[in-house]
Amino acid sequence: TSVLTGLTAPTANASEGDGRVLVLWNIGTPSINITNEDTNSTAANRVLTATGRTRVIETGGCVLLWYDTTSDRWREVGGNTNADHVLTAVKTADESVNNSVVLQDDDHLFVNVVAGATYEFELNLFGTQASAVPGLQLTMAGTATATSIKYEVVIHDDTAALFSAYARSAALGTAVAAAVMGANDFHAYVRGTIVVNAAGTLRLQFAQNTATAANTTLQQHSSMLVKRIVA
């Protein structure tokens with residue numbers, strides 16, 4: 001993460017009206033944190049963010065700043081506030097695991113989260129298994145670390161019309177498992193909240209619960225939605 005504490009104030013110029021307007025785009029990999037009224041910058045160079053908190057520009061995002069000559073500060077104009085920031089991911093192809101109980105990273109269902117922020121997340125997972133033997137393990141993991149996390153996992157056996165597993169986890173990497181499911185379709189739902197300690201990815205992991213040669217598959221159109229609720 002890069003930190004921007006301020007920007008050089010524009011030179012007074014009557015032709016510019018009240019102040020200059022800048023559009024800042026983040027075209028790099030790390031997110032950019034614009035700190036509010038940061039004393040590490042000269043007073044006239046500081047930024048007043050829309051929320052009064054650190055403004056995060058994720059990769060591909062932008063922010064509009066206007067220089068207010070009355071207060072001698074850059075002011076954020078419009079744009080999404082931190083609380084409105086939504087990240088999404090969708091499986092674009094089926095992904096299978098077989099003969100393995102080792103949790104593996106999902107190839108598609110992950111997003112990048114930033115340190116110090118709180119997010120709520122929700123995953124809708126469609127799947128199928130060729131045998132009733134393997135069952136399913138699910139967990140939230142990734143390269144990010146959590147100050148705290150709590151999430152609920154519900155796995156529904158669509159063939160038998162029964163709930164196969166429902167449990168709560170308070171740690172990254174702690175699997176919730178369904179030991180018995182019918183051969184054919186299943187649906188899983190994951191919902192929770194995480195307070196991020198170190199920035200990185202927040203990602204779904206899955207595995208069979210009993211190693212079996214028959215495939216356990218998470219299907220295309222499964223989705224992940226992550227919303228930042230606290231800066």
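Reader: Hi! Let's start with F121: is it buried or exposed?

Author: F121 counts as buried, because its relative accessibility is 2%. Buried here means under 20% relative accessible area, with exposed over 50% and partly exposed in between, using a 1.4 Å probe and protein chains only.

Reader: Thanks! What kind of model is this, and how are residues numbered?

Author: The model is predicted: local features need pLDDT of at least 70, side-chain atom pairs count only at pLDDT 80 or more, and totals for chains, interfaces and linings use all residues. Numbering starts from 1 along each chain as its sequence is written, and side-chain values use heavy atoms, leaving out hydrogens and water.

Reader: Good. Back to F121, which strand holds it?

Author: F121 sits in strand β11, residues 118–129. Strands are DSSP runs of E with at least two residues, helices are runs of H or I with at least four, and both are numbered from the N terminus.

Reader: And what does F121 touch beyond its sequence neighbours?

Author: Not counting residues up to four places away in sequence, the contacts of F121 include M140, I149, Y151, L202, L225 and V226. Contact means heavy atoms within 4.5 Å. K227 is 106 residues from F121 along the chain, and their C-alpha atoms are 6.3 Å apart.

Reader: Nice. Which residues touch the most other members of the largest nonpolar core?

Author: That core has 36 residues, and Y119, F121, L123, L138, M140, I155 and M224 touch the most other members. Strand β16 (residues 184–198) contributes the most to this core, namely five residues. A nonpolar core is a set of buried Ala, Val, Leu, Ile, Met, Phe, Trp, Tyr and Cys residues joined through side-chain atoms within 4.5 Å. In soluble globular proteins, nonpolar side chains tend to be buried together.

Reader: What about M224, then: what are its contacts?

Author: Setting aside neighbours within four places in sequence, M224 contacts L87, T88, A89, L109, F110, V111, E122, L123, M140 and L202. Another core of eight residues lies apart from the largest one, with I57, L65, Y67 and W74 among them.

Reader: Why does V226 count as buried?

Author: Because its relative accessibility is 0%. V226 belongs to strand β19, residues 223–230, and touches H85, V86, L87, V111, Y119, E120 and F121 once residues up to four places away are left out.

Reader: Switching to arginines, where is R203 and what does its side chain reach?

Author: R203 is in strand β17, residues 200–207. A polar atom of the R203 side chain lies 2.7 Å from the backbone oxygen of D106. R203 is buried, because its relative accessibility is 14%.

Reader: And R46, which loop is that in?

Author: R46 is in the loop between β3 (32–34) and β4 (47–48). The R46 side chain reaches the backbone oxygen of S41 at 2.9 Å. With a relative accessible area of 16%, R46 is buried too. Beyond four places in sequence, contacts of R46 include T5, E37, R73 and W74.

Technical notes:
A polar contact is a pair of N or O atoms within 3.5 Å; within protein, one must be able to donate a hydrogen and the other to accept it, and residues adjacent in sequence count only if both atoms are side-chain atoms.
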